[in-house]
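Colleague: Could we go through this model together? I would like to begin with the strands, then turn to the helices and the ligand.

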Amino acid sequence: MVLHEALQQEGRGRAAEAVETAVRDEFLPFALPTIEEDEIAEVVDTLRSGWITTGPKVKRFETAFAEYVGAKHAVAVNSCTAALHIALTAAGIGPGDEVITSPLTFCSTANVVIHLGGTPVFADIGADLNIDPDEIVRRITPRTRALVPVHFSGQPCRMDEILSIARQHELVVVEDAAHAAGAKYRDQMVGNIGDVTAFSFYAIKNMTTGEGGMITTDDDALAEQMRLLTLHGISRDAWKRYTSEGSWYYEVTCPGYKDNMTDIQAALGIHQLDKLERFLAARAEYARMYDEAFAQIPEIQTPVVQDGVRHAWHLYVIQLDVERLTLDRAQFIEALRARNVGTSVHFIPVHLHPYYRERYGYKRGDLPNAERAYDRILSLPLYPRMSKEDVAYVIRAVSEIVGRSRK
Ligand SMILES: Cc1ncc(COP(=O)(O)O)c(C=O)c1O
């Protein structure tokens with residue numbers, strides 16, 4: 001949509017030129033990775049080394065990641081989707097089993113349960129946009145086998161309550177920490193809380209390997225099983241087979257998958273992990289700038305952060321008080337786009353997607369908190385590559401749109 005149309009929709013009919021002069025020249029993308037010279041050099045080194053698939057750099061990355069989160073084991077995979085799938089497979093989820101998760105997540109959290117023949121069951125969210133432990137309790141049936149809390153936007157779920165529910169009902173807890181590398185719950189790093197934790201290193205996550213993921217656990221047997229599942233169920237690492245210490249012999253112990261991470265990806269991951277604390281500090285600083293500015297605007301609800309957590313600020317999600325504005329959320333997005341600001345929506349609640357509506361009969365009204373949030377949420381740009389001026393520009397743009405569209 002062109003600027004004047006967006007401005008017309010804002011409803012007040014003020015002179016477009018006044019705003020037009022304030023619009024930045026370059027589009028500010030919703031998200032961008034930070035890739036620096038050391039990542040590039042490490043990838044080139046990998047390409048020259050001959051080990052371009054799973055090899056010594058994957059091992060190095062796994063060891064460093066396990067140490068960072070304080071877990072006994074870390075298994076590198078090619079996505080968080082694979083991590084969730086492998087974790088739930090190793091936990092024995094199969095046909096007839098129910099797995100409770102949040103509706104406010106990316107579809108893969110629930111899709112993987114269906115791949116295993118299980119049924120994803122959605123429990124509604126609370127004010128912090130994370131799954132509400134009381135709602136989990138309401139959804140437990142004799143078929144419930146696992147809980148998959150999603151640390152939405154980088155804020156850990158209320159894990160004390162979730163773990164206590166899991167213990168009481170003998171459920172496995174697999175955390176979806178796609179957004180939460182570096183987050184803490186009380187004094188514990190995410191990755192060292194539930195039975196298994198799944199991380200994402202997708203391009204725009206807090207740290208990236210392009211595509212990639214990590215599974216962490218303290219459980220030796222689960223770790224062993226998950227490692228087998230990532231590579232065809234083969235009992236020896238492929239790279240060992242081709243080194244002087246290896247042998248040609250291998251055994252297939254289960255019908256595993258092809259979900260291993262490559263050394264090219266790990267080359268990125270090793271350096272991204274070294275920088276994660278710096279990245280998190282930048283994210284937290286920008287989130288604080290947004291918080292401070294939007295606290296002055298009653299039509300914008302800033303993120304609700306629980307006590308005792310270290311938020312990893314993967315996303316900065318505001319909620320628009322749409323009843324007090326002449327614009328709905330989609331029009332608000334267009335007005336920001338007209339000002340050269342990219343945004344996104346996390347997420348369309350999974351139960352509202354056609355497949356889930358048709359297969360499970362979900363409809364609007366079933367999970368009212370997630371649906372109400374969905375109509376209001378908007379993810380603003382938040383990443384270390386932004387400058388403070390970029391953040392200030394987004395604040396001005398949002399404030400101006402609200403100012404022009406107040407009822
Ligand atoms: C909450 C959540 N879970 C899982 C995933 C899947 O991650 P990946 O793209 O690494 O498979 C994503 C990706 O965006 C996500 O946001």
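Colleague: Which residues of S9 are buried on one side, and which on the other?

Modeller: This is a predicted model. In it, Gly213, Ile215 and Thr217 are buried on one side of S9, while Met214 and Thr216 are buried on the other. Both faces of the strand are therefore covered, given that buried means under 20% relative accessible area.

Colleague: Which strands are joined to S9 by bridges?

Modeller: There are two to discuss. Strand S1, residues 73-77, is joined to S9 by 5 bridges, and the two run antiparallel. Strand S8, residues 196-200, is also joined to S9 by 5 bridges, again in an antiparallel arrangement.

Colleague: Which residues of S9 do His73 and Phe199 stand opposite?

Modeller: His73 stands opposite Thr217, whereas Phe199 stands opposite Met214.

Colleague: What is found at the start of H5, and what just after it?

Modeller: At the start, a side-chain oxygen of Ser79 reaches to within 3.3 Å of the backbone nitrogen of Thr81. Just after the helix, Gly92 takes a positive phi of about 90 degrees.

Colleague: Now the ligand, please. How many residues surround it, and which are the closest?

Modeller: The ligand is surrounded by 15 residues, and the closest are Thr81, Asp176, His179, Ser200 and Lys205. H5 and helix H6, residues 107-115, each supply at least two residues of this shell.

Colleague: Which atoms of Cys80, His179 and Lys205 lie 2.8 Å from an oxygen atom of the ligand?

Modeller: For Cys80, it is a backbone N or O atom that lies 2.8 Å from a ligand oxygen. For His179, it is a polar side-chain atom, at 2.8 Å from an oxygen of the ligand. Lys205 likewise places a polar side-chain atom 2.8 Å from a ligand oxygen.

Colleague: How much of the ligand does the protein cover?

Modeller: On its own, the ligand has 390 Å² of accessible area, and the protein covers 91% of that.

Colleague: Where does the ligand sit?

Modeller: The space taken by the ligand is the largest pocket.

Note on methods. Residues numbered from 1 in each chain as written. Predicted model: local features only at pLDDT ≥ 70, side-chain atom pairs only at ≥ 80, totals over all residues. Heavy atoms only, no water. Polar contact = N/O pair within 3.5 Å; in protein donor to acceptor, adjacent residues only side chain to side chain. Helix = DSSP H or I, 4+ residues; strand = E, 2+ residues; numbered from the N terminus. Buried < 20%, exposed > 50% of the residue type's maximum accessible area, 1.4 Å probe, protein only. Pairing = 2+ DSSP bridges. Near = heavy atom within 4 Å. Areas by Shrake-Rupley, 256 points an atom, 1.4 Å probe, with all protein chains shown as cover. 1 Å grid on protein atoms, 1.4 Å probe; cavity = no way out; pocket = protein on both sides within 12 Å on 5 of 7 lines; lining within 4 Å. Sits in = over half its atoms within 2 Å of the grid points.
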